[in-house]
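Let's take a friendly walk through a contact between two chains, starting from a single residue. Have the structure open as you read.

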Amino acid sequence: MTVVAFLILFPFFAAIVLSQMKKPGRVRDGFVYSCSALIIAAVVYLTADVLTAGRSRSYLTDTRSLDQAILAGEFLLMALVFYYGFRFRKYYVVLLSAAQTLPVAWMELSGRGVEGQVHLSVDNLTVTMCLVVGLVGSLICIYAVGYLKDYHAHHKEYRDRSPFFFSMLFVFLGAMFGLVFSASLTWMYFFWEITSICSFLLIGYNESKIAVRNSFRALWMNLLGGLGFALAILYCTLVLGVANIQDLVNLGMAAGGKAVLVPVTLLAFAALTKSAQMPFCGWLLGAMVAPTPTSALLHSATMVKAGVYLLIRISPLLYGSLSGILVTSIGGFTFFAASLLAVSQSDGKKVLAYSTVSNLGLITACAGVGLYEAVWAAILLLMFHAVSKSLMFLSVGAVENSIGSRNIEDMHGLIVRLPKLAFVMTVGIFGMFLAPFGMLIAKWAALKAFVDSRSVLLILFLVFGSGSTLLYWGKWLGKLVAVTHQSERLPDTVHKGEWTAIGTLTALVILLCVLFPALSAGLVQPQLVLMFHTRLTAIISDADVKVMIMMLCMIVILPLVMRLLTSGSRSKVVPAYMAGVNEGDDRHFVDSRGRPKSMYLANWYMEDRFGENKILKPSLVVSAAGLTVLMIVAIGGAL
Amino acid sequence: MSKSPWVLHYDGSSCNGCDIEVLASMTPVYDLERFGVVNTGDPKHADIFLITGGINAQNAPVVKQLYSQMPDPKVVVAVGICACDGGVFKECYNILGGVDKVIPVDLYVPGCAVKPESIIDGLRKAAVLLDEKEKRMKAGAPARKEG
Amino acid sequence: MVWQTVLRILLFLICAPFAGGLLDGLDRKASARMQGRQGPPVLQPFYDVWKLFHKQTIVVNRLQDFLVGGYFAFSVFTGCLFFAGGDLLLSFFALTLAEVFLFMAACSANSPYSSMGAQRELIQIMSYEPMLLLAAIGLYMVSGSFFVDDMVGRGASAIALLPGVFFGVVFVFVIKFRKSPFDISSSHHAHQEMVKGLTTELSGSELGLVELAGWYEDVLLLGFLALFVLNRGVWSIPAAVLTCLACYFLIVLVDNVFPRVRWDKMLGWAWAVTLIFGGANVLILALVR
């Protein structure tokens, strides 16, 4: 219990201290490092504790005073939204915030709330999320120390609000811990709203016009989801008499899907907005204007995972129901459409954003299937994606600070200019879509799950989407490994803190694919047994695991073997073939007038086919239409 | 090596007559491929450098660069009288002369335009030369002078 | 039985290059005869590869060796995995890894022809990957397992239940075998559009390795076609061999008849065939079973 309380409350305390540490310097850096280290230690301790005990725990049934504190917190959040809404004259957020906070407050204050239920619980899924939030999140905080210094050095036009930034990061970590530990719907809703506000504040960090605009877009979309959450809570409390997610699931399993269809659909809606599924992907794309630690922490590794976490929690109820159809269709469609859109982007962060939306779509679809295999795939995807994607974001941030651009075209020949970063990014990209790394394993499991559950539409989305996924990652990879002769190696200005984070994540990507059988057996399968009351034998067989370990070893040994084989011979190095008119420096050729002309190798972006202006609007329209129709049918039919 | 002579065909300053004859040799009537000859356009893949037309100031460095990008063993065949010594255009102000002005030539196939039979004959002889060069390369003979 | 698996792997390792080279030679001979000429001897590909390994090594950068080695190693690995009776999906993923290595080798050369070839190669992979994945899924639905051993152990041939998928696979194999009309990234010999595309900057023993890896891959692909025909009965073996040779001949015929198309046509047609033939087949299977 103490560890749980520590994990929730300590980050808030750290945030308060950090907001007061106005002076940048070693003291503040050291404080951030030590807080992060403490959080990592606590998470590891909790994991060991829960896994050795082998059962889930719950706490806090009598929480009168805490409930009142949380209610006060909700009003505080509403006041915050009111303040910003009025200050920037965006009245719709004011309306949305009021529309959700006031009914829930009324429910609590008029004594209609359900009392005496468990408010915090810890099971394997909680531990999994804690590991993701605690390990990846803390590493990102460590990274942020070095990154923010460079960020403000390069962008003197933005006001330096780093104390605010760091405290927000820790507030967010605390909120995420609170969210995953919450068993009660109202408590989860409270922490959910904190994360929305954090995202809003962090996106608007640099206070530029575009940042403010994008932060409000994120706010209204997330508040809309929050409204759905609030309505679900009202229904659960007033009509069904349940206050906990687990009770809701149990009720649904016992009484049948129809009884819980309304809250499940509403909760699914909230999750879909939080995880930036179509048609709500716009806020995540816009959120890329924020500094990289924000993009990594909130918008790829953790906050957006809150949405799919909720879906995984209610996944037994999604199986075979209209809400399940809603979730799988939206998820599958998002996976495919976002992967097509990523092909036409040349801004590195936008590619990563679309890739995040796409992979979240896959996790969503898996959760929506609601069967053992699919949810297994969903949890694994969640873990692997968090690690690989945050690694990619952190590397892109470091590259942006070094070369001044995050455009993929400018990363041409990075392996010569910034070899360490290029290597790390190569590992990250491999980790996102190639065997034997984690994401591929999880995608494989998802495919199997879709086939076994006969969801042909999802199968089609997945196979076509994986083709375009390979295209956009492959293009980036090609740019990184171009060996441009006579390029200067750039000085390594990446801070030690940044390297700690990046290095650890790289090691994790590789380690996770070795450890995945252990993770599956120790962490994931027990959770699934708990949720589905059946046990399935290994979904990826032992023989396959051995083969994948072999492949991993081959990848590692290969460079050594090739070095040995070719060390004796002295190969002749010649310039690239340019029809005989190569100037010799790989960058110029002789034109027909005898003068040197620049050669430029660009990737294909095919904007006229895969561009945002071609695909985005139709995707948004189709998904919005589908979402609306299915929600009306589901809720209308059940009421 | 002589069983698989891959050719890089380059047109220096030719009137295209010899080029057309070279292409004709690849057609079904003369069929160079039955000897394993493949017209690759890539110096890195080629064994035989087949040049038609004379050398002028503009294509001299090009020919040298293409030659340098070919892996050993390699054979240079000058096809047509213009490639051998400048031919009809020898006295022109822009023509430096035949191919041997810039790179070492191993085989001269005169003609204006060269008959496909001569081209085939020349390539067969070039293939035999390839074998000899490969033997010398294996025995560690000193590298020939770079053109 | 471990020794049986080892024997199959050894058999594949030793025989596949010879089989692949012979197939390549037959392809060139057949194409030549279709064009009304005599054509090279059937053993020509072996002479070619032998020559390549005896050439001087020329590289554009120091990274190429490793990447081409990776392509070769994983191509062979995939074939071994497949013929040892392993997991079909994992074989595909390993094959994709091999292709990414070749792609990286082409990109590392920083040459215009190589890079263009590499971009086109990615489009090619994007075109055929959905169909191959659907084919694996179709075979799984029919045989209940992703393992090759289980797929060939069935009572009836899979093609009876998967005609659409089979057609789709043969269609995308035109892309895989780098034949017209879909040879946009690196074409065989006299057919170039961008010098040699992917392999422009490779030479000597590296090119030889790429050729050899291509042969291993060709045998693997034909083996995959055979999966549709093989079953427990002993007559299925000659039937499978005949089917493979017939399909291969058909692809050679298509190669000689059709001109190259643009990348968007290739992508469009491949995805359309995948959706219509593969998708419909899988949908029907899902509904009926």
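This is a predicted model: local features need pLDDT of at least 70, side-chain atom pairs count only at pLDDT 80 or more; totals for chains, interfaces and linings use all residues.

## Starting point: A:Leu558

Is A:Leu558 buried, exposed or partly exposed? It counts as partly exposed, because 17 C-beta neighbours lie inside 10 Å, while a buried residue would need 20 or more.

## What A:Leu558 touches

Which residues is A:Leu558 in contact with, once its neighbours within four places in sequence are left aside? The partners are C:Phe66, C:Gly69, C:Gly70 and C:Ala73.

## The side of chain A that touches chain C

Now let's zoom out to the whole contact. Chain A contributes 47 residues and chain C contributes 54 residues. On the chain A side, two or more residues come from each of helix H20 (438-452), helix H21 (456-481), helix H23 (542-567) and strand E3 (572-573). H21(A) supplies the largest share, with 15 residues.

## A strand pairing across the chains

Strands also link the two chains. E3(A) is joined by two bridges to strand E1 (residues 58-59) of chain C, and the strands run parallel. To find the spot in your viewer, look for A:Lys572, which stands opposite C:Ile58 in E1(C).

Terms used: Residues are numbered from 1 along each chain as its sequence is written. Chains are lettered from A and ligands numbered from 1 in the order in which they are written. Two residues are in contact if their C-beta atoms, placed from the backbone, lie within 7 Å. Helices (H or I, at least four residues) and strands (E, at least two) are DSSP runs, numbered from the N terminus. Two strands pair if DSSP finds at least two bridges between them. A residue is buried if 20 or more other C-beta atoms lie within 10 Å of its own, exposed if 12 or fewer, and partly exposed in between; C-beta atoms are placed from the backbone.
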